[in-house]
Amino acid sequence: MTPSVLISNLTEDWVESLQRWQLDFFLIPTTIITLATLVANPVLLTCIFMSRALRQETRYLLVANTLAADMLFLIVNLITVICNTVRAQTPWLVCELLTAITVTSYCCAILTVTLMVVDTYAAVRWPLRYHDILPPARTHCILVGVWVLAAMYPFSLVIMMEVERGNPHQSVSVCLVLISLGFIQLKNTVAIYIYFFVAAIICALLIFFCYIRLYMVTRTQGIWQSRFSRARVTLLAHGVLLLLYFVPGFVFTLELFLFRTTTENHKSQDVRVWVSTVNMCVLMLLPRAFAPYLYGLRYREISDTLMQLLQQHTKLSPITVK
């Protein structure tokens, strides 16, 4: 069976499962969470880039990069979900590009939140040399490198898929990252798993190392003694957010495994349709919905800048009482 026929049969079966279980209703939480996040993120980005002091701080540049990557992911994900819901015929090349952008933005966010933990560790471990180690110019170069690193593998896969694809004009009624990467995985399983699973493990281990070292360095300073101390609350908030960022990635790795087994054994695909839909429409959106509040407004400087902008807007638009 040719890849074109296999893709067509798989998307038809996928649509049948979506209709049978009425999973198109997941568009509702996807739209609500996406729009709520797309309201908060631009406000925080405006606060960061309108303040010269915040633009010079590495941690705020990392926050801004995370928010920007999240916005790109949310926009592309919402477009994909809407197209899948209305069964729009999407050219396979467009689907591949959407897949590459989705993977790039997701991986960029993961790498950036990892760098945020490393940045906190560097600031606590070497406070006197911190600004020399990470000046704004070097941070900008690091962020460009993060985007390049996140984009290299997905877009190289797009090129590889275009070279191997037989039907250049094929369209699909369901565009999913799982289907796009799943067919490459059947030919190159090791590379796919190394990119997703091993990279996630490396980032997770680096985060755990930094947090353990931070605790060991600061445990004698008394900031952990109170049950509701700022350090404990901040660690809990960041830990929950990091967990929410990493869990969908591991779930997606499970999806790739289910894709391989069910494709080879021709079993029912209802399980993977459910897992994929919940992961794409809910789990991947939760960290991006919480990020503006746990990573953004918890920073006092961002909150103060936001209040100043609101006060200026109020002064420029006085309410006249007649």
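## Basis of the model

The structure is a predicted model, in which local features need pLDDT of at least 70 and side-chain atom pairs count only at pLDDT 80 or more, while totals for chains, interfaces and linings use all residues. Residues are numbered from 1 along each chain as its sequence is written, and side-chain values use heavy atoms, with hydrogens and water left out.

## Open pockets

A pocket, on a 1 Å grid over the protein atoms alone, is an open set of points with protein on both sides within 12 Å along at least five of seven lines, whereas a cavity is a set of points where a 1.4 Å probe fits but cannot get out; lining residues have an atom within 4 Å of a point. Grid points are joined across faces, edges and corners, and a volume is the space filled by probe spheres set on the points. The largest pocket has a volume of about 770 Å³, and of the 27 residues that line this pocket, R59, T120, T234, H238 and Y299 are the closest to its centre. At least two lining residues come from each of helix 4, helix 5, helix 9 (189–218), helix 10 (230–265), helix 12 (286–296) and helix 13 (300–316), where helices (H or I, at least four residues) and strands (E, at least two) are DSSP runs numbered from the N terminus. Helix 5 gives the most to this lining, with 6 residues. By class, the lining of the largest pocket has 16 nonpolar, 4 polar and 7 charged residues, with Ala, Val, Leu, Ile, Met, Phe, Trp, Tyr, Cys and Pro counted as nonpolar, Asp, Glu, Lys and Arg as charged, and the others, Gly among them, as polar.

The second largest pocket has a volume of about 570 Å³, and V103, Y106, C107, Y195 and F196 are the closest to its centre among the 32 residues that line it. Helix 4, helix 5, helix 7, helix 8, helix 9, helix 10 and helix 11 each supply at least two residues of this lining, and helix 5 gives the most, with 8 residues. The lining of the second largest pocket divides into 24 nonpolar, 7 polar and 1 charged residues.

## Enclosed cavities

The structure holds 2 cavities of 30 Å³ or more, and the largest cavity has a volume of about 150 Å³. Its lining is made up of 15 residues, of which L18, N84, T277, M280 and C281 lie nearest the centre. Two or more lining residues come from each of helix 1 (3–21), helix 4 (58–85) and helix 11 (270–283), and helix 11 gives the most, with 4 residues. This lining has 10 nonpolar, 4 polar and 1 charged residues.

The second largest cavity holds about 40 Å³ of space and is lined by E96, T99, A100, V103, P154, L157, V158, M161 and L181. Helix 5 (92–125) and helix 7 (136–164) are the elements that give two or more residues to the lining of this cavity. By class, the lining of the second largest cavity has 7 nonpolar, 1 polar and 1 charged residues.

## Cysteines and the disulfide

A disulfide is a covalent bond between the sulfur atoms of two cysteines, and is taken here as a pair of cysteine sulfur atoms within 2.5 Å. A search of the whole structure finds 1 disulfide, which joins C95 to C175 with an S to S distance of 2.2 Å. The pair links distant parts of the chain, with C95 in helix 5 and C175 in the loop between strand 2 (171–172) and helix 8 (177–187), 80 residues apart. The torsion about the S-S bond of C95 and C175 is about 100 degrees, so the disulfide is right-handed.

Both C95 and C175 are buried, a term that means under 20% relative accessible area, with exposed meaning over 50% and partly exposed in between (1.4 Å probe, protein chains only). C281 has 3% relative accessibility and therefore counts as buried, whereas C141, at 56%, counts as exposed.

## Positive phi angles

Q22 has a positive phi of about 55 degrees although it is not a glycine. Q22 is found in the loop between helix 1 and helix 2 (27–50), and at 53% relative accessibility Q22 counts as exposed. R87, also not a glycine, has a positive phi of about 60 degrees, and R87 is found in the loop between helix 4 and strand 1 (90–91).
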